[in-house]
Amino acid sequence: MPTHYRACNLCEAICGLAIEHDNGEVLSIRGDEKDPLSRGHICPKAMALKDIYSDPDRLKSPLRRTDNGWEQIGWEEAFDEVAAGLRRIQEKYGANAVGVYQGNPNVHNLGSMLFAGPFIKSLGTQNRFSATSADQLPHHVAALDLYGHFLMEAVPDIDRTHYLLIMGANPLVSNGSMMTAPDFAARMRGVRQRGGKVVVIDPRRTETADKADEHFFIHPGRDALLLLGLIHSIIEEGLANLGRLADFTDGLDVVRAIAGEFPPENIASLIGLEAVAIRRLAREFATAPSAVCYGRMGLSTQAFGGLCQWLVNVLNIITGNLDREGGAMFTLPAFDYVGMGRTGVFGRRNSRVSSLPDFSGEFPVAALAEEILTPGEGQIRAMATIAGNPVLSTPNGRQLDEALAGLDFMVAIDIYLNETTRHANIILPPTTGLETEHYDIIFHVLAVCNTAKYSPPLFEKEAGQRHDWEIFKALIERLTGKGDDGTTPSLMLDFGLRAGPYRKESLSLASLQEQPSGVDLGPLQPCLPNRLFTPDKRIKLAPERFVRDVDRLQATFRPEPGKHHAFPLALIGRRQLRSNNSWMHNSYRLVKGRNRCTLLIHPEDAKNLGVQDGQEVSVFSSIGSVRLPAEVSDTVMPGVVSIPHGWGHEREGAQLAVARQHAGISINDLTDSRLIDVMTGNAAFNGVPVRVEIG
Ligand SMILES: Nc1nc2c(c(=O)[nH]1)N[C@H]1C(S)=C(S)[C@@H](COP(=O)(O)OP(=O)(O)OC[C@H]3O[C@@H](n4cnc5c(=O)[nH]c(N)nc54)[C@H](O)[C@@H]3O)O[C@H]1N2
Ligand SMILES: Nc1nc2c(c(=O)[nH]1)N[C@H]1C(S)=C(S)[C@@H](COP(=O)(O)OP(=O)(O)OC[C@H]3O[C@@H](n4cnc5c(=O)[nH]c(N)nc54)[C@H](O)[C@@H]3O)O[C@H]1N2
Ligand code: SF4
Ligand SMILES: [Mo]
């Protein structure tokens, strides 16, 4: 039986798969033990790659919306129509009248990583948006300011650390994010086996918290206070020690002055942790042989996302744990996207309506609907969505849904006719998953050890199919009038590998092809100050915009945070092992079983409201309401309720037969696009004020 080896590109863990197949059919998918990064680990989603491959709802040729429904058209006709549609709008209203939204799978796709950029550039619009601002934007702004490059993201050296402080992440379910660490469970056990400790800070006692040594509840949105309290204790007790970082770090005095204003005793009641516990955690962290603080979605998608991600870095730096074994370290990737690419820039422009800052030319997605709905010069009248489902995944998705419905023209490059793409005039469906070649440009950059792996396609595309990159190239040709320059993803990859940091080892596409399970390039190595991208090669510990934002934190919480009487509960999200954002609910094996789209509510809150387990409840926020079953559970803290995101497949006009049977509701019909981290513009999905009623 032939076995095909490849990396799973569904999530950031990039697990090695061994796929047995016969005659164009997948027989089994198991973990590839020889993969140096994932060592045989997979999760239930891997098997769904087969489902996506054979999903009868998946689109394989272009669709055009007509008054009588969708009709299949040829590729050339579709490309011509898309180019003409976009050009028509731009000629009439200017280049910025076309908006672009890029979703998450772009980052998991080699061809899109290399060719979506040139396509967007060929549109010449400033109205660019992506899922970044519904996700990790605060990480990028912090990395840019501290280290001079938005992708200088330090990852926990989990395989060597002695102390792992996890804040607002649930890697046991998400399989890790901004931290490619397949088989996180085993790696976490490893920390404890070497005598280390794992502590989790989260408003929910998550699957990860359950397996940790300690878990503390925290009220959503107050982590910046806790981090300042920890930093305060460390400095006050004389435990700050930058080690070799001291030689090239500026701004410790500023940090000392700021943290001085946050003694644990003053903030303890606000965050719900005892001052002695905060001081103990600080001491443990600072005195462990090595330690690392890791903060993810729960920290970045909240009102103080930027401050949180800055302070996570500060905590690691002032304890000397940045760029050292067992601390937070940087990769040296074989395809060095960091070394060869742009460093990024923040806040060069502001969005038209709400004046939100751009990040490397992208505006916060929280502003997308208003840019479409607000008349005036620069209004968006046409959209291109690329591998994104913003109707379900961005704040106030309902409003965006309506906005998209009113556009003059829309093209969607997507494999499904779903909640977002149903608004398109033309859908251009690419190949996906098993039909594509893969090299993970981004997640090798964020991995807990240095590895490289190339996967050829398992199945050749069918005659009428196009890869994402071929679609981009065809559109670029039509928009610019320039002919095909012959570049392909594998040519670019090979060039990047041969010019990269492992050129002395003769790493190339050909050498990777000889080792289908991947190549081990060794553990993470200290690389500072050389690898810094700041002009003077020094770490900026106290960048101005972060320092300034501390005032907002103080204003919010001094003397007491405002209470919402109409909306007394705080809503947070929750990821689930058998979901992948919004787009994998059409796989029956992933959605079968009991309804997972429930409202988690603490027994005390349930009792006060008279809510029984399993009962239908309505949840109201400033922008809307949804109805779903309650799940009474003390895994969520009192005052906090939780709904998973990515559901809400009841909307008319989508072609997702299985998902429709398991529709659930969309949490983003409750999240308010006005709730953002004002400094970075990132959506604040966590801590949304809501009210729950029976019925
Ligand atoms: N309330 C709340 N909202 C959230 C989150 C949350 O935690 N809470 N999480 C946020 C996060 S972290 C993210 S990343 C975003 C995700 O936001 P989005 O990226 O907008 O949403 P996805 O559900 O990932 O949608 C991916 C789309 O890509 C399509 N697709 C899949 N594979 C391919 C492919 O190979 N090529 C092409 N062209 N298309 C493909 C799918 O059909 C789907 O339409 O959601 C965010 N929204
Ligand atoms: N199975 C599965 N895996 C996925 C995805 C998926 O949809 N399903 N999505 C992928 C994507 S796009 C991403 S970005 C990653 C995300 O990866 P993670 O960040 O690990 O995922 P989440 O489960 O969103 O974890 C966020 C945690 O923050 C907590 N939280 C909420 N608000 C706060 C707060 O104010 N403070 C603190 N301290 N905690 C808070 C939540 O309870 C939750 O446990 O996962 C990826 N992996
Ligand atoms: S953990 Fe992620 S990469 Fe690994 S098999 Fe599951 S979905 Fe694929
Ligand atoms: Mo994400």
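A: **A threonine and its surroundings**

Thr331 is buried, with a relative accessible area of 6%. Buried means under 20% relative accessible area, exposed means over 50%, and partly exposed lies in between, using a 1.4 Å probe and protein chains only. The model is predicted: local features need pLDDT of at least 70, side-chain atom pairs count only at pLDDT 80 or more, totals for chains, interfaces and linings use all residues, and side-chain values use heavy atoms, leaving out hydrogens and water. Residues are numbered from 1 along each chain as its sequence is written, while chains are lettered from A and ligands numbered from 1 in the order in which they are written.

Where does Thr331 lie? It sits in the loop between strand S14 (328–329) and helix H14 (337–340). Helices (H or I, at least four residues) and strands (E, at least two) are DSSP runs, numbered from the N terminus. The Thr331 side chain reaches the backbone oxygen of Val445 at 2.6 Å. Leaving aside residues up to four places away in sequence, Thr331 touches His444, Val445, Leu446, Ala447, Asn450, Leu524 and Arg531. Contact here means heavy atoms within 4.5 Å.

Helix H10 (residues 264–271) also has buried residues: Pro264, Ile267, Ala268, Leu270 and Ile271. They pack against helix H8 (223–236), H11 and H21. Just after H10, Gly272 takes a positive phi of about 80 degrees.

Next, the charged pairs. The whole structure holds 53 salt bridges. A salt bridge is a side-chain nitrogen of Lys or Arg within 4 Å of a carboxyl oxygen of Asp or Glu. In one of them, Arg280 pairs with Glu284, with the closest N and O atoms 2.8 Å apart. The two are four residues apart in helix H11 (residues 275–287), so about one helical turn separates them. Arg280 is partly exposed, at 30% relative accessibility.

Glu371 and Arg352 form another salt bridge, at 3.0 Å from N to O. Glu371 is in helix H15 (residues 368–373) and Arg352 in the loop between strand S15 (346–350) and strand S16 (357–359), so the pair ties together parts 19 residues apart in sequence. Glu371 is buried at 1% relative accessibility, whereas Arg352 is partly exposed at 31%.

Arg552 and Asp677 meet at 2.7 Å, N to O. Asp677 is buried, at 0% relative accessible area. A network of salt bridges links Arg398, Asp401, Arg422, Glu650, Arg651 and Asp669.

Last, ligand 1. It is surrounded by 30 residues, and the closest are Tyr101, Asn104, Ser393, Asp414 and Ser582. To count, a residue needs a heavy atom within 4 Å of the ligand. A polar side-chain atom of Tyr101 lies 2.7 Å from an oxygen atom of ligand 1. A backbone N or O atom of Ser393 is 2.6 Å from a ligand nitrogen atom. A polar backbone atom of Ile413 lies 3.1 Å from a nitrogen atom of ligand 1. The protein covers 97% of the 930 Å² of accessible area that ligand 1 has on its own. Accessible areas come from the Shrake-Rupley method with a 1.4 Å probe; for residues, only the protein chains shown count as cover.

Key. A polar contact is a pair of N or O atoms within 3.5 Å; within protein, one must be able to donate a hydrogen and the other to accept it, and residues adjacent in sequence count only if both atoms are side-chain atoms.
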